[in-house]
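Hi,

Here is the structure I promised to pass on. Have a look at it first, and then read my notes below.

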Amino acid sequence: MGWFNKTKPMDDQSKPPLRSSRKQCWESRDGFFQCLDKISVVNALESKHEDAIQKSCKTEEGKFEEDCATSWIKYFKEKRVVDYKREKFMQEMESKNGQQIDLSGMIRK
Amino acid sequence: MLSRIGVFTALKRSSQIPRVGSRALSVSQGLYNKTNDKIVQTPSTTQTDDAPRRKPLSRIAIGGTSNQSQRNSSGSIEFATWKAAALVLTIGGTLYYFFAKEKRRLEIEKEAEANRGYGKPLVGGPFKLTDFNGNEFTEQNLLGKFSILYFGFSHCPDICPDELDKLSLWLDELKKKGIEIQPIFITCDPARDPPHVLKEYLAEFHPDLIGLTGDYNAVKHACKQYRVYFSTPATLKPGQDYLVDHSIFFYLMDPEGQFIDALGRQYDEKTGVAKIQEHVNAYVPKDQREKRKDKWYSFLFN
């Protein structure tokens with residue numbers, strides 16, 4: 001299996017990832033993350049969740065790891081945590097009547 | 001397009017102003033003749049049809065039959081004021097539209113001017129890279145047209161491709177509005193992005209995109225000119241898979257190769273187009289900017 005992982009097309013460093021392969025990777029990622037949502041796992045990199053993931057999301061994780069480049073796998077897992085924290089923060093701020101300030105139209109002097 | 005129609009009708013209307021005005025007057029005159037009543041002068045009785053126009057106020061019987069005539073005159077006043085109000089609204093609206101538009105244009109121009117800076121430019125400068133066809137590409141290639149620069153790498157997981165798709169939409173939308181922009185993609189990962197890889201990668205985005213690469217130092221230097229910072233992992237084995245951290249901004253450059261604005265991720269498909277369009281429309285070539293400084297109204301631009 002280890003050999004197979006190394007030769008997966010997304011890890012070919014001499015070619016750029018193409019739109020189709022990116023799309024496939026993103027879909028597999030979304031599938032895996034949906035499964036993680038079901039078992040309420042945010043950080044898939046934490047070892048304490050390993051068993052739960054193995055039990056419930058084995059196929060999804062396998063597909064995700066097969067379709068995405070190795071560096072992306074870690075990146076997406078980390079991004080999931082960041083996105084979750086951000087979402088939680090925004091919700092918390094909203095519940096405290098926080099207001100989002102749009103700075104995009106500012107003119108810098 | 002819409003704004004142009006607005007301007008046209010506004011102009012047409014303003015040329016009609018005297019006629020509309022006189023017509024409004026003559027209509028009220030007509031009404032006045034019929035009822036033999038006066039707009040300014042208050043209540044005379046309806047019986048005094050052939051009475052001279054300038055009847056002294058003192059002759060009017062207090063509390064006479066003034067009710068009816070008041071109603072009449074108020075009717076004609078209302079009619080005249082309705083026209084006048086429409087006129088005021090039209091002129092006022094037109095003026096407001098022009099001033100608001102001009103104010104916004106000057107603001108945008110000032111923003112660009114501030115970003116251009118004085119002396120050494122804050123963002124941008126000489127660089128020497130190779131495009132994906134193997135030709136040399138320097139800052140000289142930015143002259144004569146608006147350019148938009150983006151830094152990224154082909155093995156980027158999600159942000160770069162999303163941003164490049166967005167850029168493609170911007171370019172198509174701007175093209176529809178008659179604005180041509182030279183889109184340039186500069187790799188931060190020269191080790192994995194030689195020209196042929198860039199060519200293959202960018203072919204999936206927009207046909208106008210030009211990919212630039214070079215040796216590590218040339219790329220590092222170009223990035224530094226644009227205040228773009230990137231980091232590649234320190235220990236790399238050949239063929240190893242890795243990610244590159246880099247800043248993500250679109251850099252809009254004017255036809256003099258000078259920096260106008262950096263557009264971040266907050267600009268979506270629509271707002272980005274609007275922002276670029278504003279900058280392109282507000283752009284004033286350097287010789288005109290210089291000339292304008294000597295004019296008496298130069299204070300407007302400071």
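What is the order of the strands in the open sheet of chain B? Before the reply, some housekeeping: this is a predicted model, where local features need pLDDT of at least 70 and side-chain atom pairs count only at pLDDT 80 or more, while totals for chains, interfaces and linings use all residues. Residues are numbered from 1 along each chain as its sequence is written, and chains are lettered from A, ligands numbered from 1, in the order in which they are written.

Now the sheet. Its seven strands run 2-1-5-4-3-8-9, with mixed pairing. Strands here are DSSP E runs of at least two residues and helices are H or I runs of at least four, numbered from the N terminus; two strands pair if DSSP finds at least two bridges between them. Strand 2 (136-138) and strand 9 (259-263) of chain B sit at the edges with a single partner strand each, so one side of each has no neighbour in the sheet. On average, neighbouring strands are turned by 30° against each other, direction ignored.

Inside that sheet, strand 3 (146-152) and strand 8 (250-253) of chain B pair in the antiparallel sense over four bridges. Tyr150(B) stands opposite Phe250(B) of strand 8. Helix 6 (269-282) of chain B packs on the sheet and touches strand 3, strand 8 and strand 9, making about 170° with the direction of strand 9 (axes are lines fitted to C-alpha atoms, for helices over the stretch in contact, and angles run from 0 to 180 degrees between N-to-C directions).

Over to chain A. Helix 5 of chain A has 26 residues, which should span 38 Å at 1.5 Å a residue, and its end C-alpha atoms are 38 Å apart, so the two agree (the expected span is 1.5 Å times one less than the number of residues).

Finally, the interface: 18 residues of chain A are in contact with 18 of chain B, contact meaning C-beta atoms, placed from the backbone, within 7 Å. Helix 5 of chain A gives the most to chain A's side, with five residues.

Cheers

Technical notes
Contact = placed C-beta atoms within 7 Å.
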